[in-house]
Amino acid sequence: MEIATDTRDARGAATLPVGAGERTGDRTRDAVARTVLEQGPHSAAALAERLGLSAAAIRRHLDALVGDGILVEREPRPSAQRGRGRPARTYALTDAGRASFPHAYDDLASTALRYLRDTGGEQAVEAFAAHRAEQLADLLTERVDRNAPLATRTGALAGGLTAHGYASTTQAVGSPNQSTNGIQICQHHCPVAHVAAEFPQLCEAETRAFEQVLGTYVQRLATIAHGDGVCTTHVPHRPETPTHPIREDHR
């Protein structure tokens with residue numbers, strides 16, 4: 001579910017967000033989710049009243065949001081159980097639902113790295129990038145058999161990257177008689193692209209991590225962080241010896 005900028009009524013309640021989707025149902029579900037985000041768990045009746053929906057309509061949207069993993073239905077807190085009758089259940093955001101709203105993680109990461117650069121210099125940023133790359137290498141090494149054929153190794157590496165949010169594939173390029181013969185690892189998504197645009201050390205260290213995991217020389221051809229559509233890493237069939245360790249001693 002894509003969450004967009006909202007508009008509000010006179011009571012301050014979230015109404016149909018602008019640009020959240022072409023279908024009214026999608027816009028209404030965004031408004032339901034945003035209301036729960038901003039004002040906490042609500043019962044179906046309370047949401048219907050706040051958003052001006054019928055009981056049947058709100059139930060339909062709530063069922064869809066629960067089915068999509070955005071909301072979860074919960075029993076009310078004991079303190080809310082007053083009076084006679086069974087108290088109404090409430091709807092709260094799941095972790096996935098909360099993650100569907102915009103975050104400022106990129107700004108936070110960039111600010112942290114700027115502070116690190118200002119206080120420790122470029123060497124401190126490089127050390128951080130190397131540490132992050134080593135952690136990524138540790139995760140990927142479990143999937144890659146360095147004794148396997150190159151196609152098997154690169155395929156396993158791409159699968160590991162996909163499992164960690166990089167949406168990666170591989171593609172054979174060239175022919176046996178060409179010096180460009182090899183396999184390209186294509187990352188169609190980069191979780192840190194906005195930060196890496198300012199701090200290319202992240203991309204450089206990631207490339208060295210691929211060398212370590214595959215046990216061979218690799219060449220980064222393109223990155224999303226620098227305006228390319230896909231991060232592309234070329235792995236030649238006739239490799240050179242890796243020359244760049246992931247971690248250098250910065251002590």
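Is Y166 buried or exposed? In this model, Y166 is buried, with a relative accessible area of 3%, where buried means under 20% relative accessible area, exposed means over 50%, and partly exposed lies in between, as found with a 1.4 Å probe and protein chains only.

The structure is a predicted model, in which local features need pLDDT of at least 70 and side-chain atom pairs count only at pLDDT 80 or more, while totals for chains, interfaces and linings use all residues. Residues are numbered from 1 along each chain as its sequence is written, and side-chain values use heavy atoms, with hydrogens and water left out.

## The protein as a whole

The protein has nine helices and seven strands; helices (H or I, at least four residues) and strands (E, at least two) are DSSP runs, numbered from the N terminus. Of its 251 residues, 39% count as buried. The accessible surface comes to about 14300 Å², and 49% of this belongs to carbon and sulfur atoms; such areas come from the Shrake-Rupley method with a 1.4 Å probe, and for residues only the protein chains shown count as cover. Among contacts between residues at least 6 apart in sequence, 53% join residues at least 24 apart, a contact being heavy atoms within 4.5 Å.

## The surroundings of Y166

Y166 is placed in the loop between helix 7 and strand 4. When its neighbours within four places in sequence are left aside, Y166 is in contact with R132, L136, L161, Q187, H188, H189, C190, P191 and E206. Y166 and V192 are 26 residues apart in sequence, and their C-alpha atoms are 9.7 Å apart in space.

## Helix 6 and the cores

Helix 6 (residues 122-141) has 20 residues and reaches 28 Å from its first C-alpha to its last, close to the expected 28 Å at 1.5 Å a residue, where the expected span is 1.5 Å times one less than the number of residues. Its buried residues are A124, V125, A129, A130, A133, L136, A137 and L140. An α-helix has 3.6 residues a turn, so residues three or four places apart point the same way. The buried residues of helix 6 pack against helix 5 (105-120), helix 7 (150-163) and helix 9 (201-214).

The largest nonpolar core has 27 residues, and those with the most contacts inside it are L140, L157, L161 and L214; a nonpolar core is a set of buried Ala, Val, Leu, Ile, Met, Phe, Trp, Tyr and Cys residues joined through side-chain atoms within 4.5 Å. The elements that give two or more residues to this core are helix 6, helix 7, strand 5 (182-187), helix 8 (193-198) and helix 9, and helix 9 gives the most, with seven residues. Apart from its neighbours within four places in sequence, L140 is in contact with L157, G160, L161, F210 and V213. A second, separate core of 15 residues includes L47, A48, Y91 and F101.

## The strands

Strands of a sheet pair through backbone hydrogen bonds, either parallel or antiparallel. Here, an open sheet of four strands has the order 4-5-7-6, with antiparallel pairing, and two strands pair if DSSP finds at least two bridges between them. The edge strands, each pairing on one side only, are strand 4 (168-173) and strand 6 (219-222). Neighbouring strands of this sheet are turned by 25° against each other on average, direction ignored. Helix 9 packs on the sheet, touching strand 5, strand 6 and strand 7 (231-236), and its direction makes about 135° with that of strand 6; axes are lines fitted to C-alpha atoms, for helices over the stretch in contact, and angles run from 0 to 180 degrees between N-to-C directions.

| Strand pair | Bridges |
|---|---|
| Strand 4 and strand 5 | six bridges |
| Strand 5 and strand 7 | six bridges |
| Strand 6 and strand 7 | three bridges |
| Strand 1 (residues 42-43) and strand 3 | two bridges |
| Strand 2 (residues 71-74) and strand 3 | four bridges |

Within these pairs, V173 stands opposite G182 in strand 5, Q187 has C231 in strand 7 as its bridge partner, and A222 stands opposite T232 in strand 7. Both faces of strand 7 are covered, with C231, T233 and V235 buried on one side and T232, H234 and P236 buried on the other.

Strand 3 (residues 90-93) is likewise covered on both faces, with T90 and A92 buried on one side and Y91 and L93 buried on the other. In strand 3, T90 is the bridge partner of S43, and L93 stands opposite L71.
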